[in-house]
Amino acid sequence: MGNSTNSLSIANSDGATLTARQRISLGLAVVGVFLIFLAWLSGNLFNTSNFLWPSLTLMTIGTLWFTYETYAHHPDGIKNNNLWFNSLTNRGTIGWITGILITAFYVCLYFFPSLLGYNPDGANISLIKMFDPISYMIKGEAASQWFVYGVLYTFAILIMGVKFIMKYRHNSYQIFRTISVMFFQFGFAFMLPEIMYTLNESLPYYDWKNMWPLNYYFFDSYNLDKMIDPGFKQSMDLSTIMNEKSGLIGLMMLVWGLLMIFVVSPILAFFFGKRWYCSWVCGCGGLAETAGDPFRHLSDKSLKAWKIERWMIHLVLVIVVIMTILTLYTYFSGSGKFLGVDTYWVRKVYGFLIGSIFAGVIGVGFYPLMGSRVWCRFGCPMAAILGIQQKYFSKFRITTNGSQCISCGNCSTYCEMGIDVRWYAQRGQDVVRASCVGCGICAAVCPRGVLKLENGPQDSRKLEMPEFTGIK
Ligand code: SF4
Ligand code: SF4
């Protein structure tokens, strides 16, 4: 495939230049995005809260109209034409600019929220002020940087989710899983925690679908204290907790969190593989699948990347386990030192390097440069656990009808996890890989119907792998 990295051109899914309607609709969406950056850069110059609805409206109308113009006039079937000739999706100039802007946003969000206009001691300005109206509407107070992030994140998944569904509208599995991530992001990750926190501020801000170790602060002292009623913790008297309304809900959060980790997740992973979480529920996966869809082909397919991936993701898992053990040690013993190691320091370093830099800044900011699943593939400890379960204790596999494969390579190209699916297809080998998130795109783009995502008897999976055969 060709690659014109210096090109600034944008073309439609047929590879042709954009039609007039596509240009206008795209222009509307771009103006909506521009209003966000104008609000951000304007400081105290404008009353940016007036920008909110015009911006959201323009982005919504522009994106939906563009989606309609791009896909509705074509017969069903996936069109990924021209991706390597588009500056946004071939690591060209627009791609780099987009990556740098998203990265800058994340850096400000995590480390310099005042640069976004957040002012906890007074009135917000610039970007954060822009979202004050919606924050007052939902929770009756001014916006914080995390509220703004939640709104933008959820909006991106919803609006790009509609685009994704339109693009893959002939494929019921793609429609199902996209509606699922849209539902979980909007209901469970955004609305429910906001509403519950508004009703009772003593409760922790709790995302009911997020679990340890992705939610690495689940076992933090402050979080445990909020979930476990202080009276209950001191007296261990069940009647105390049962008589406290907030304490009972807090306890439910704790029990649900533990059930998710030790019961619900392993059972679902046994039946469905890691896709039940990574492709149907998780917010990180949700954003990667919807907003990140145009970048999925940028994932590195080399054997070297696979080796790095396995080392990194399992190393993060080991580190999060150690960090959590130290955190729990401090919680129960009251001592901030374990064998001379400052447990708070370990927790802080993990939060900074993995929770903020890796999961946030690199995880999303690098979509246009390294593909959409950088975090899921190289860093997420939740994906590491699910991957081990999927590889060794699951019924899930992708079966291949090797005799039908024409070696076109579409499956490998569009695998966001960098799996060389064609290698397996050419050999009629099941794809049983820890990293596979079960997105099903490989099967969707295959012109010969070679690949099928299936659940079946665990011992019927063909487990021969390139790493063992040494063929690759
Ligand atoms: S192998 Fe297929 S289902 Fe698995 S992550 Fe890659 S594209 Fe998705
Ligand atoms: S997309 Fe289908 S035909 Fe093409 S290489 Fe993959 S399995 Fe073979």
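Let's start with the aromatic rings: this predicted model contains 31 aromatic pairs. A pair of rings is described by how far apart the centres are and by the angle between the planes. Take W40 and F105 as a worked case. Their ring centres are 6.1 Å apart and their planes meet at 80°, so this pair counts as edge-to-face, since anything over 60 degrees falls in that class. The pair also ties together distant parts of the chain: W40 belongs to helix 1 (residues 20-41), while F105 belongs to helix 3 (residues 93-111), and 65 residues separate the two. Both W40 and F105 are buried.

Now hop along to W276 and Y277. Here the ring centres are 5.2 Å apart with the planes at 65°, so we have another edge-to-face pair. W276 is buried, and Y277 is buried too.

The charged end of R310 sits over the W306 ring, 4.5 Å from the ring centre. R433 lies over the face of W306 too, at 3.5 Å from the centre of the ring.

Next, the cysteines. A disulfide is a covalent bond that joins the sulfur atoms of two cysteines. How many disulfides does the structure hold? The count is zero. As for where individual cysteines sit, C108 has a relative accessible area of 10%, so it is buried, because the cut-off for buried is under 20%. C436 is buried as well, with a relative accessible area of 8%.

Other cysteines turn up around ligand 2. There are 14 residues around this ligand, and the nearest of them are C405, C408, G409, C411 and C446. Where does ligand 2 sit? You'll find ligand 2 in the second largest cavity. Two helices, helix 19 (410-413) and helix 20 (421-427), each give at least two residues to the shell around ligand 2.

One last stop is Q174, which you can find in helix 7 (residues 172-199). Is Q174 buried or exposed? Its relative accessible area is 1%, so Q174 is buried. Q174 and W280 are 106 residues apart in sequence, yet their C-alpha atoms are 9.9 Å apart in space.

Definitions and conventions
Residues are numbered from 1 along each chain as its sequence is written. Chains are lettered from A and ligands numbered from 1 in the order in which they are written. This is a predicted model: local features need pLDDT of at least 70, side-chain atom pairs count only at pLDDT 80 or more; totals for chains, interfaces and linings use all residues. Side-chain values use heavy atoms; hydrogens and water are left out. Rings of Phe, Tyr and Trp (its six-membered ring) pair if their centres lie within 6.5 Å; planes under 30 degrees apart count as stacked, over 60 as edge-to-face and the rest as tilted. Helices (H or I, at least four residues) and strands (E, at least two) are DSSP runs, numbered from the N terminus. Buried means under 20% relative accessible area, exposed over 50%, partly exposed in between (1.4 Å probe, protein chains only). A charge sits over a ring if NZ of Lys or CZ of Arg is within 6 Å of the ring centre and within 35 degrees of the ring normal. A disulfide is a pair of cysteine sulfur atoms within 2.5 Å. A residue is near a molecule or strand if one of its heavy atoms lies within 4 Å of it. On a 1 Å grid over the protein atoms alone, a cavity is a set of points where a 1.4 Å probe fits but cannot get out, and a pocket is an open set with protein on both sides within 12 Å along at least five of seven lines; lining residues have an atom within 4 Å of a point. A molecule sits in a cavity or pocket if more than half of its atoms lie within 2 Å of its grid points.
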